[in-house]
Amino acid sequence: MDFEPWWLIFVPVLFALGWLAARFDFRQMLRETRTLPDSYFKGLNFLLNEQPDRAIDAFVEVAKLDPETTELHFALGSLFRRRGEMERAIRVHQSLLSRSDLPEAEREHAQHELAHDFLKAGMLDRAESAFEQLKDTRYALPALRSLIRIYESEHDWPRAIEAVKTLQGLVDEPVPQIVHYYCEQAQMALAAKPFDADAAHTALDAADHAAKQAGQGESASKAAKVRTAMLRARLAQLEGDLKRERMYLESILADAPEFAGQVAEQLLANYRNAGQAAEGLDVLQKQYARYASLDLFNVVFRELRVQQGAAPAWAFARGALRHHPSLLGLDRLLEAELSSTDGSQQDQEQGPVRGADLSLLRSLIHKHTQRLDRYACRTCGFQARRYYWQCPGCNGWETYAPRRLEELE
């Protein structure tokens with residue numbers, strides 16, 4: 001194709017068009033910049049200089065001057081909530097919801113943020129109502145999860161169960177805590193005066209069914225199975241069926257030996273009530289030989305002290321501590337020895353150490369063992385002296401190992 005000289009006319013034309021377009025964009029940018037309030041730039045400057053408090057005040061001023069800045073309202077609301085200024089966060093999101101011209105998507109967003117404000121502020125009834133309004137929106141799934149948390153905190157187990165069933169219909173994933181919801185119902189029935197045996201049986205049957213349907217992992221299903229067996233043993237005890245109670249407790253020793261310390265006292269009481277205290281002690285000693293734990297050590301030592309006296313108890317303790325050295329075990333041994341109700345002065349003096357020496361020895365190590373005498377959450381690290389199925393810190397289920405801190409180190 002031949003070159004035509006008149007094509008050169010397009011070169012300056014294209015250059016002029018490009019110059020005009022750039023000049024127009026630059027003027028447009030300057031015009032938009034001039035419309036921004038000075039407080040906006042002050043806020044940015046405060047953020048860059050790591051002065052968040054003054055930055056927030058500046059952005060609040062921007063929001064007052066330009067009510068159309070919805071994203072800035074959302075940012076401010078989140079900042080207030082993170083700082084714990086719940087009243088200001090609620091006020092920001094309520095002001096958004098009061099606008100009649102707010103688009104539906106942003107209205108749902110504001111409703112979701114307001115619900116979280118109420119939840120963070122501890123206003124559970126208002127949070128529940130706010131989340132309920134989101135069931136048919138794009139925030140339905142997170143709203144439902146938040147509602148489950150609210151029902152848990154209120155111990156409203158029937159509604160928590162229904163919410164979990166609804167959640168399972170929305171997402172294809174197991175929700176293992178539903179087993180514990182049924183266990184909580186059974187526990188409430190057992191704690192009633194008089195206890196409600198029918199309600200407890202119904203709840204525990206539902207827990208077993210839910211555990212089979214959930215398809216949980218091995219560790220999770222084991223914990224749920226242990227709790228269900230413990231509650232069935234408690235129910236059998238209240239119904240006067242010692243044989244069935246023992247069957248459930250011994251099934252825990254066989255299937256989940258790490259939980260033996262949690263049921264040792266009840267199992268020993270079962271044998272004692274049947275007039276077989278010596279047989280019960282023998283079962284626990286054999287269990288300790290197979291799977292040692294500090295809680296089980298404590299029960300066995302105390303019962304040996306009661307049934308057979310100081311010498312056999314101390315012989316067991318020396319052997320146990322030799323194979324499983326533990327400051328906490330030694331501390332518990334000394335505590336049991338000093339608090340023994342049947343240990344007379346003569347009995348103590350016949351032991352390998354006198355009572356005064358025991359008291360001195362325990363006082364030396366007790367301060368060092370207090371921090372070890374706890375269970376710890378594997379998720380958030382929350383420590384507690386008693387075992388929890390649900391962590392009081394992070395509200396996670398089955399996050400506690402049934403072993404003391406010293407055993408986990």
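A: Glu398 counts as buried, at 12% relative accessibility; buried means under 20% relative accessible area, exposed over 50% and partly exposed in between, computed with a 1.4 Å probe on protein chains only. This is a predicted model, in which local features need pLDDT of at least 70 and side-chain atom pairs count only at pLDDT 80 or more, while totals for chains, interfaces and linings use all residues. Residues are numbered from 1 along each chain as its sequence is written, and side-chain values use heavy atoms, with hydrogens and water left out.

Glu398 sits in the loop between strand 2 (383–384) and helix 21 (405–408); helices (H or I, at least four residues) and strands (E, at least two) are DSSP runs numbered from the N terminus. Its phi is positive, about 60 degrees, although Glu398 is not a glycine. Most residues other than glycine have a negative phi, and most peptide bonds are trans. His155 is not a glycine either and has a positive phi of about 55 degrees. It lies in the loop between helix 8 (140–153) and helix 9, and His155 is exposed at 52% relative accessibility. As for the peptide bonds, the one from Lys193 to Pro194 is cis, with omega near -5 degrees. Pro194 belongs to the loop between helix 10 and helix 11 (197–214).

The chain as a whole has 21 helices and 2 strands. Of its 409 residues, 43% count as buried. Among contacts (heavy atoms within 4.5 Å) with a separation of 6 or more, 52% join residues 24 or more positions apart.

Two helix pairs follow. The axes of helix 9 (residues 157–170) and helix 10 (residues 177–191) come within 10 Å and cross at roughly 165 degrees; axes are lines fitted to C-alpha atoms, for helices over the stretch in contact, and angles run from 0 to 180 degrees between N-to-C directions. That makes helix 9 roughly antiparallel to helix 10; angles under 35 degrees count as roughly parallel, over 145 as roughly antiparallel, 65 to 115 as roughly perpendicular and the rest as oblique. The residues in contact across this pair divide into 9 nonpolar, 1 polar and 2 charged. Here Ala, Val, Leu, Ile, Met, Phe, Trp, Tyr, Cys and Pro count as nonpolar, Asp, Glu, Lys and Arg as charged, and the others, Gly among them, as polar.

Helix 16 (residues 294–307) and helix 17 (residues 310–323) pack at an angle of about 155 degrees, their axes 7 Å apart. They are therefore roughly antiparallel to each other. Helix 16 contributes residues including Phe297, Val300 and Phe301, and helix 17 contributes residues including Pro312, Trp314 and Phe316. This contact divides into 11 nonpolar, no polar and 1 charged residue.

Thr228, in helix 12 (residues 218–238), is buried with a relative accessible area of 3%. Not counting residues up to four places away in sequence, Thr228 touches Val179, Cys183, Leu204, Ala207 and Asp208. Cys183 itself is buried, at 1% relative accessibility.

A search of the whole structure finds 0 disulfides, a disulfide being a pair of cysteine sulfur atoms within 2.5 Å. For Cys377, the nearest cysteine sulfur, that of Cys391, is 3.7 Å away. Cys377 is buried, with a relative accessible area of 5%.
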